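Me: I am new to this structure. Please take me through its strands, step by step.

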Amino acid sequence: MKNKSIFTKHVLIYLAIFSLSFIILGGSIYYAVSRHVINEKKTELLTKTRQISEEYSNSVYSGILNVESLQYDIRTLEEYLDSQVFLADKNKKIYVASEGFNKNIIGQTVTNDIINGVFSGDVVTFEGYFKEIFNDKVLFVGYPIVVGKQVLGGVFTFCTIPTLEKSISGITNVVLICMIVSALIGAVLLYLFSKRLVKPIKEVSKASRIIADGNFDKKIEYKSNDEIGDLVKSFNYMAENLDKQEKLRRDFIANISHDLRSPLTSIQGFLNAIIDGTADECDREKYIKIALEETKRLSELTNGILMLNNIENNKITIDFEKFDINDLIRETVSRFKPRIEDKKLEIELIFEEKETYVYSDGEKIFRIFQNLLDNAIKFSNISSKIIVETNIDNPKNKVYVSVKDFGVGLSEEEIKHVFERFYKADSSRNKEKACGGIGLSIVKEFIKLLGEEIDLKSKKGEYTIFKFSISLYQEMK
Ligand SMILES: Nc1ncnc2c1ncn2[C@@H]1O[C@H](COP(=O)(O)OP(=O)(O)OP(=O)(O)O)[C@@H](O)[C@H]1O
Ligand SMILES: [Mg+2]
């Protein structure tokens, strides 16, 4: 079966609901109206029939028959109540009949048992067929003519149901017209509503196709607090994120190709110089050393990228252990000794306590500290100072490790971006330094994994402090 659009579905549902309500409501209204009309008629007939019967009994009683009044009553019945009347004596023989009847009805004897009750003095009402006189269904009222205690005969009034149906259909037609008008108004509103509902959905679907083709800047304009509004909001959010991801991907490829190409080109250059003999004996060793340094840089860069990739794919496990952070700091600093000496830096270690036991992943903390110290050395001014400090915050159960250098520093704008992948502040200045722009993004990911926090304060050309937290070891653990 062909897929139906929301619009078609709405129309079909509307038609189904409307038809059903039409049948139920129409049926109930018709039933209620017809009952009401028939009951009203019955009351009218009863009043009029009783009036005729009483008038007739009075005239028999007084011996004066007011023919005019009787005729008037019969005419009223005929003209205004659309009904007919006949009078029968106690032998059920008709002796007066309204004009609507066939003339030869006079003198006929009514055999239908329905009227028997009247001759015993009861009022009879009946709704159904009175085949003897009428072909159609009738509403019938019979009233006894009583003089003293004797029943002299009866007055019988009839109204055919088809006559009544005329007034019933008159009322129901009005209701029907109202229903049709409201259904039409409903249909117009439904049409407008469905169009409004479908429009953003169509746009979302169109935009998805545009996005699938690689254009992530597509935005949909639709402001509403309903579910469609939420859908559009989520869609725009998704498009925005895809756009960001795409930019990151492009930047990543651009950065990585640049960062891989430059050391490779320099290695190539040095090796060529050695092979074709341009480099003399004493340069050779220098060139080989530089080439070796470049390969180390390449390997660090690829390791960093691999690490980030592993973090992204949740391939990193955390192994908590108890260790002394002071030891870890001392040991890491000693590894950097040659570089510290090269730059004639003074490094000061300020430990709040002799031993500070923490409970964390030693390997990750080492990486974090190593990256921060590496940056501090790299971006320090020659012959300046680096201060590494620990501060214990017992209520928070944390120790804060800070690394402060007095080097190039960072501007407010740079501070916002340093933790981003491949971000290198002031690229011209970083050219000669071994900068991959990955160190701090790994630091940030590790801090997040360990549930710790990192803070950065810096002033351009003056200083930079990175400060991160580690959970203290508690005896209970
Ligand atoms: N202590 C610091 N002082 C001044 N600038 C810094 C400092 N630490 C980081 N930065 C700036 O932040 C940038 C990003 O640092 P990050 O450690 O992520 O990368 P990197 O040191 O350039 O390269 P990698 O760490 O991958 O070898 C650096 O390029 C530098 O511009
Ligand atoms: Mg770094």
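**Strands and their partners**

Me: In β12, which residue is the bridge partner of D405?
Reply: Strands here are DSSP runs of E with at least two residues, helices runs of H or I with at least four, both numbered from the N terminus. Two strands pair if DSSP finds at least two bridges between them. β10 and β12 (residues 463-471) run antiparallel, joined by 8 bridges. In β12, D405 is bridged to T464.

Me: How is this model to be read?
Reply: Residues count from 1 along each chain as written, while chains are lettered from A and ligands numbered from 1 in written order. The model is predicted: local features need pLDDT of at least 70, side-chain atom pairs count only at pLDDT 80 or more, and totals for chains, interfaces and linings use all residues.

Me: In β10, which residue is the bridge partner of I387?
Reply: β9 (residues 385-393) pairs with β10 in the antiparallel sense, over 8 bridges. Their hairpin has 4 residues between the strands, and N397 takes a positive phi near 60° there. The β10 partner of I387 is K404.

Me: Why is one side of β2 and of β3 left without a neighbour in the sheet?
Reply: The open sheet has 5 strands, paired antiparallel in the order β2-β1-β5-β4-β3. β2 (94-97) and β3 (124-129) stand at the edges, so each has a single partner strand.

Me: In β5, which residue is the bridge partner of L139?
Reply: β4 (residues 137-147) and β5 (residues 150-160) run antiparallel. They are joined by 10 bridges. The β5 partner of L139 is C159.
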